[in-house]
Amino acid sequence: MTETIWNNNPEITEDLVKEHGLSESEHELMIKILGREPSLTELGIFSVMWSEHCSYKSSKLHLKTLPTKAPWVIHGPGENAGVIDIGDNQAAIFKMESHNHPSYIEPYQGAATGVGGILRDVFTMGARPIANMNALRFGRPDHRKTRHLLSGVVEGIGGYGNCVGVPTVGGETNFHPSYDGNILVNAMAVGLADQDKIFLSAAAGVGNPVIYVGSKTGRDGIHGATMASAEFTEDSEEKRPTVQVGDPFTEKLLIEACLELMSTDMVVAIQDMGAAGLTSSSVEMASGGGVGFTLNLDKVPQREEHMTPYEMMLSESQERMLVVLKPDRVEEAEAIFRKWDLDFAVIGNITDTGNLTLKWQGETVADIPTQPLADNSPEYDRPWVKTEPPATIDPNDVAAPNDIGDALLKMVGSANLSSREWIWEQYDHQVMADTIQLPGGDAAVVRVHGTNKALAISTDCTPRYCYADPFEGGKQAVAETWRNVTATGAQPMAITDCLNFGNPERPDIMGQFVGAIDGLREACTVLEYPVISGNVSLYNETNGKGIHPTPAIGGVGLLKDSSKMVTIAPENEGDVILLVGESNGHIGCTQYLSIIEGREEGAPPPVDLALEKKNGDFVRAQIQNGNISACHDISDGGLFVTLAEMAMAAGKGMDIALHNGDIPMHAYGFGEDQARYVIATAPQEADAVIEAAEEVGVSVARIGVIRGQDLDVQDAFTISVDELLDAHGSWMPKYMAKEL
Amino acid sequence: MKSAVVTFPASNCDRDMFDALEKITGQTPHRIWHQDCEIPDVDVIALPGGFSFGDYLRCGAMAARSPAIKAIRDHADRGGNVIGVCNGFQVLTEMGLLPGALMRNASLKFVCKTVQLKVENADSTFTNAYGKGDVIDIPVAHHDGNYFADADTLAELEDTGRIAFRYVNSSGEATAEANPNGSQHNIAGIMNKRGNILGMMPHPERLIEDAQGGTDGRGFFESIINTLN
């Protein structure tokens, strides 16, 4: 940024507009809204509000087509986070958001503030955060930056979440060369509130005071939202000053103070200062309520001297909130924030002008009608071309490995399928004492405090499927969270989506986006699993090379009776193992092909959503009836990896005999056909479960029993559970210790 | 049993401790805010886990200088029981009520997992519901749990039975592999000379119900109840 920003009234030249990431037509629209050229502060405000990150200008046309309603949805997209009804006047509130660009530039702070930001989205609505999740993608393990980025991101997530005392209960971590120059850090938070204590951001009541609470405003993060709306080049590291710095201690105080404030009846509206800080929070509150805001910027608590209005409005300093209070309640509210040692300042009031009017040192430095600023932001129907899916690979065309057992060991010990214990041990996953299913299973499960209910949470996406076929990949991402939630016994309720893509100005990338949205829409519709919140992160590109399309999905389900929950670990020797779903040996686009043959080719497995629903509903009903002792969905790595994971989780062996028919054993065992689960059941229940499956037309096969200390698959391999554990557990610690 | 839980800014296991005390004692604990100069008359005061004052200075150092500390010290001086878990243990060492210090974990990383502890002394106020030598499961979650004391102090702790819990493997051996943070002598929890103050890094309040994966933490609270009866 040039020096001109220090002067509040430079001439607004085309170059300055361009430097702010706005196009010529956007400049014209801005002049039309204002009836004049903007001041520098106003230009800054327009530039962040109309950045891709805040305005969704490339994506909103398509996002509108997603299903967002269901009888149990209380608030869908448009609020800080989505809200669903979980019974007994209680609500679960959740959202997932990206912090990709800052995390690549400064992994610790980027990831930490990603967690902080998503927590604020949740407690802004009156919810106590009860769980953090994440979805992380890094470049190939041997890329020179990957270790540094992984360790920084994990430390940042832990450093923030551990301190605020919200358990980080799970997530997923993948490696792929397409993320070499653009890692993905998607953070999800889930909170709990009473339905009659949910707070929204729409301001109301002319004359009501506007209060600033939390940390002071500094010069950090200025233009963060704009940075997150552009591609990276070699010199992107120069953008480090645009990364915010997190203070989890203050966040913890802010959570407690805000929840204390919201337990009273003083609050009219409340909004966190996230991307674009004071700008987006005040514009959203004013435009949402159809009112105006007059703010006196001299009253804004400032960390640094001589800050200009431009800097104050664009700062992304963390741990700040904007609150509209009822009149005459200021002193009472102030006492709460003083108790928690937080800044509290009346910085303005609500007006009937509909404008955001900013005063500074006795002058008006900005005066913008908020409705057109927020609602008439540009919307583009960007040109796109459909991704042509590759041909399906015939399993008979993929040669068998020399030894299937060796292939399995190589797979469970690979970068993408090995244990993530090294990561989750750095997260406090048990604080709040309600985590009843720890990381490492299909979904994390946290109790609804003080009740017998629980929420199951899973984050998923298979980017290599999305790259090959965005439509099927989009369906699969939704279906996989649905399966993972189902596999604990929970009823899937709704999702949040975090849509990470490359440069939308390229028709092929836009085609990936449109295809994935089509897939999401179809899956959400058939599975009755609406999207209630989310975020779009575009321009994940470096020097013109985009990431794999990654529509990460965070799914949440409800267990009405948490005592019915199952895990992936079969507990009892002699339990019968059943395979639910149809196995066709779909070998294209699989982990097997990638890890063992070093190629990523072929169509991904097709997702038959009606079949997903039928099989999943059956499995869930059996869990609810208490007929199943363990359950694991089949995903990356196929049946063999699923069996290995169950055996490792239980520390018990299995005797397995498969009925693979004409399908080669390696394709049958490593194929990634969808809509499948492995379940364990007590011997005396097995026939009843099989019968129940047949009654509803669900394909089920008895494939073995829990026995001994080896995973033994007839005509394929015998491997001891210890050997599996060693391969599975050692990759990441060795990699991080630079022993690989 | 009457109890109280102290909340410092950014204590984050205060609710968990409160709930555990309430469930196990059947009595609602009192809450003590770090700025309270007067505290209720109770049988036990609990300093919970968390990141008091962000741990931005040495862990527990700021909390150990809170206004409520004087009254807590007076309570301890009168023979009242005090327990400190995780950050609470750090506060107790910073107050000088327990010897030694908790340094950064040897791995330099935060560690959260369930570890095995051996009950080294089953005669104390805080451990009598267990049997001597019992191996119990208790979760740890900390960045600074690496117990350090000079050789004389360690010898004294060992000789006078003031080591309450030690990190061990499932066979009860205090090995290096079983030590999650590099603590000297695999020390997980210690007591003062008088036997009315205990500090430990692991979190017994996180393992008191089957749904949490076990109930091995209950004995800790039941021991105090036994003593008072």
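Predicted model: local features only at pLDDT ≥ 70, side-chain atom pairs only at ≥ 80, totals over all residues.
Figure 1. Because 14 C-beta neighbours lie inside 10 Å, Ala657(A) counts as partly exposed. Beyond its neighbours within four places in sequence, Ala657(A) is in contact with Ile703(A), Gly704(A) and Gln714(A). Arg702(A) is 45 residues from Ala657(A) along the chain, and the C-alpha atoms of the two are separated by 8.7 Å.

**Figure 2. Helix H22(A) and the residue that follows it.** H22(A) consists of 13 residues and reaches 19 Å from its first C-alpha to its last, which is close to the 18 Å expected at 1.5 Å a residue. Twelve of the 13 residues of H22(A) are buried, so the helix is largely enclosed by the rest of the structure. Among the buried residues are Gly638(A), Leu639(A), Thr642(A), Glu645(A) and Ala650(A). Just after H22(A), Gly651(A) adopts a positive phi of about 65°.

**Figure 3. Packing of helix H15(A) against helix H22(A).** Helix H15 (residues 404-412) of chain A packs on helix H22 (residues 638-650) of chain A at an angle of about 70°, and their axes are 10 Å apart. The two helices, H15(A) and H22(A), are therefore roughly perpendicular to each other. The crossing in which H15(A) passes H22(A) is right-handed. On the H15(A) side the contact is formed by Leu408(A), Met411(A) and Val412(A), and on the H22(A) side by Phe640(A), Val641(A) and Ala644(A). By class, this contact of H15(A) with H22(A) comprises six nonpolar, no polar and no charged residues. Phe640(A), Val641(A) and Ala644(A) are also among the buried residues of H22(A).

**Figure 4. Packing of helix H3(A) against helix H11(A).** Helix H3 (residues 40-49) and helix H11 (residues 277-289), both of chain A, pack at an angle of about 75° with their axes 10 Å apart. That angle makes H3(A) roughly perpendicular to H11(A). H3(A) contributes Ile45(A), Val48(A) and Met49(A), which meet Thr279(A), Ser280(A) and Val283(A) of H11(A). The residues of this contact of H3(A) with H11(A) divide into four nonpolar, two polar and no charged.

**Figure 5. Leu373(A) and its contacts.** Leu373(A) belongs to helix H14 (residues 370-375) of chain A. Leu373(A) is buried, because 24 other C-beta atoms lie within 10 Å. Apart from neighbours within four places in sequence, Leu373(A) is in contact with Ile33(A), Phe46(A), Met49(A), Val283(A) and Ile368(A). Of these, Met49(A) and Val283(A) also take part in the meeting of H3(A) with H11(A). Leu373(A) and Met49(A) are 324 residues apart in sequence, and their C-alpha atoms are 7.5 Å apart in space.

**Figure 6. Ser52(B) and Ala10(B) in chain B.** Ser52(B) is placed in the loop between strand E3 (44-47) and helix H2 (69-77) of chain B, whereas Ala10(B) lies in the loop between strand E1 (3-7) and H1 of chain B. The two residues are 42 residues apart in sequence, with a C-alpha to C-alpha distance of 4.7 Å. Ser52(B) counts as buried because it has 31 C-beta neighbours inside 10 Å. Ala10(B), with 27 C-beta neighbours inside 10 Å, therefore counts as buried. Leaving aside neighbours within four places in sequence, the contacts of Ser52(B) include Phe8(B), Pro9(B), Ala10(B) and Ser11(B), together with Asn87(B) and Val91(B). The phi of Ala10(B) is near 75°, a positive value in a residue other than glycine.

**Figure 7. Leu108(B) in its loop.** Leu108(B) is located in the loop between strand E5 (101-103) and E6 of chain B. Although Leu108(B) is not a glycine, its phi is positive, at about 65°. With 10 C-beta neighbours inside 10 Å, Leu108(B) counts as exposed.

**Figure 8. The side of chain B that touches chain A.** In the contact between the chains, 22 residues of chain B meet 22 residues of chain A. Helix H1 (14-25), strand E6 (111-119) and strand E7 (135-142) of chain B are the elements that give two or more residues to this side of chain B. E6(B) gives the most, with three residues. By class, the residues of chain B on this side comprise twelve nonpolar, four polar and six charged.

Technical notes
Residues numbered from 1 in each chain as written. Chains lettered and ligands numbered in written order. Axes fitted to C-alpha atoms, helices over the stretch in contact; angles between N-to-C directions. Helix = DSSP H or I, 4+ residues; strand = E, 2+ residues; numbered from the N terminus. Parallel < 35°, antiparallel > 145°, perpendicular 65-115°, else oblique. Left-handed = near helix turned anticlockwise from the far one by under 90°. Contact = placed C-beta atoms within 7 Å. Nonpolar A, V, L, I, M, F, W, Y, C, P; charged D, E, K, R; others polar. Expected span 1.5 Å × (residues − 1). Buried ≥ 20, exposed ≤ 12 C-beta atoms within 10 Å, placed from the backbone.
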